[in-house]
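Student: I have a protein structure to go through today. Could we work on it together, step by step?
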Amino acid sequence: MHVINQNHSSEVILGDDVFSTLEQFLSRQHRAYTVFILVDENTEKLCLSLFLSCIPSLKNAILLKIHSGEQNKNLASCESLWNQLSQHNADRHSLLINLGGGMIGDVGGFVAATFMRGISFVNVPTTLLAMVDASSGGKNGINLSGLKNQVGTFTNPLAVCISPLFLKTLPPRDIRAGFGELIKHALIADINYWKEIKAIRSLENVDWNPLIAKSVQIKRQIVNADFKEKNLRKTLNFGHTIGHALESYSMKHHQDPLKHGEAVAAGMVTELFLSVGIIGFPVSQMEAIVDFILLHFNLSELEFDIKEILSLISHDKKTVGKDTHFVLLKDIGYPVIHNQPEEQEIRDALQFTLNRFHQTTYTS
Ligand SMILES: NC(=O)c1ccc[n+]([C@@H]2O[C@H](COP(=O)([O-])OP(=O)(O)OC[C@H]3O[C@@H](n4cnc5c(N)ncnc54)[C@H](O)[C@@H]3O)[C@@H](O)[C@H]2O)c1
Ligand SMILES: [Zn+2]
């Protein structure tokens, strides 16, 4: 059992015996609260019975459901949940457990942060992406009119309980998506972590436990230093200025849209190219990282209209006035916030990204 707890932020429970640790943690809260568990249809089918069998005291919890998918990370899902909570007489002492991926955590966190001006919630991430990134840090929110995360709050969960047991049923494509965020943590923070990750040639049979612990530690160190993203926390957005634009574009134009982690992987390729041109990131390092991303991410059908991506970038929350914030790398572990690349530089970087994904012949 391993509990990381710092000052006012949430408890992170990972390692062995996470469920009994969570059960003890909840019983220590000394409150006779009603517990709600939020699921989507996949986590209801594949994760709920495991969770309840490990924490029998939650078997009387009230189940709340929304449909899976990024397209449902919206106001309609929140309204449905606020109504469900209200119909079940939830009050300010109620507790919401978000059992699912980043989408469930983002919607559930936002609903909890706003219902009756805020009820407590616990995140139990069931995807790799949510385990390594989305479940901690206190950001939640929903998409609005096709734009990512336009409405939301900074509210910490009471606790985050991470068990890789849930990964057994997660499709390989979602494992890859989570791997994208993990690569990001290594590149912005720790060259030794990057060396460890770079040695992974296949995502089957990886022991995720130590990697999750390392990623969570990196994210929490950054978030604890700058919860409201005034400065340092922005570095966690490496790959995301472009990634969010690609994700929004893909949601609008593609039947099978890019997953968040896939969009971030492509975004990191673009932003590494910008890093080389603007602040002198070593070309050979960029080539090695891009090759590694191409090895794992089969995005040969990646397609986008550069003009529309440029317009989506300007809607990004990381835009202040006319300036768009990009996180670039001076070197591995040395992120730099760069305010406004020239439009032509961004165009060239996007073109480079398209070329590189299309050139690759995939073996898997
Ligand atoms: N709040 C944050 O700090 C933060 C950080 C990163 C990403 N995000 C958000 O997270 C979302 C992406 O999260 P995600 O990649 O977890 O996607 P997701 O939550 O949409 O889950 C992906 C799919 O996996 C299914 N699923 C979940 N757990 C499963 C399991 N154990 N077995 C089988 N299927 C399972 C889900 O039902 C869904 O169909 C995006 O909306 C992104 O913006 C938030
Ligand atoms: Zn992300």
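Student: In which sense do S2 and S9 pair, and over how many bridges?
Tutor: Please keep in mind that this is a predicted model. In it, strand S2 (11-14) and S9 pair in the parallel sense, over 4 bridges. One residue pair to look at is Val12, whose bridge partner in S9 is Val160.

Student: Which residue in S9 is the bridge partner of Asn123?
Tutor: The bridge partner of Asn123 in S9 is Val160. Strand S6 (residues 120-125) pairs with S9 in the parallel sense over 2 bridges.

Student: Are the residues on the two sides of S9 buried or exposed?
Tutor: They are buried on both faces of S9, which covers residues 159-162. Ala159 and Cys161 lie on one side, and Val160 and Ile162 lie on the other. As a general point, side chains in a regular strand alternate between the two faces of the sheet.

Student: Which residues have the most contacts inside the largest nonpolar core?
Tutor: They are Ile13, Leu38, Ile97, Leu99, Cys161 and Ile162, in a core of 100 residues. The largest share of this core comes from H11, with 9 residues. Domain 1 (2-169) and domain 2 (172-359) each supply at least three residues to this core. In general, nonpolar side chains in soluble globular proteins tend to be buried together.

Student: Changing topic: how many residues of each domain are in contact with the other?
Tutor: On the side of domain 1 there are 25 residues, in contact with 29 residues of domain 2. H6 gives the most to the side of domain 1 that touches domain 2, namely 5 residues. By class, that side of domain 1 has 12 nonpolar, 10 polar and 3 charged residues.

Student: What separates the centres of the two domains?
Tutor: The centres of domain 1 and domain 2, taken over C-alpha atoms, are separated by 26 Å.

Student: And where does ligand 1 lie?
Tutor: Ligand 1 lies between domain 1 and domain 2, because both domains give residues to the shell around it.

Student: How many residues surround ligand 1, and which are the closest?
Tutor: Ligand 1 is surrounded by 32 residues, and the closest are Asn42, Gly101, Gly102, Met103 and Thr127. Among the elements that give two or more residues to this shell are helix H2 (41-46), helix H5 (102-114) and helix H11 (260-279).

Student: What is the shell like by class?
Tutor: The shell around ligand 1 has 14 polar, 10 nonpolar and 8 charged residues.

How values were computed:
Residues numbered from 1 in each chain as written. Chains lettered and ligands numbered in written order. Predicted model: local features only at pLDDT ≥ 70, side-chain atom pairs only at ≥ 80, totals over all residues. Near = placed C-beta within 6 Å. Nonpolar A, V, L, I, M, F, W, Y, C, P; charged D, E, K, R; others polar. Domains from an automatic or database assignment. Contact = placed C-beta atoms within 7 Å. Core = buried A, V, L, I, M, F, W, Y, C linked by C-beta atoms within 7 Å. Buried ≥ 20, exposed ≤ 12 C-beta atoms within 10 Å, placed from the backbone. Pairing = 2+ DSSP bridges.
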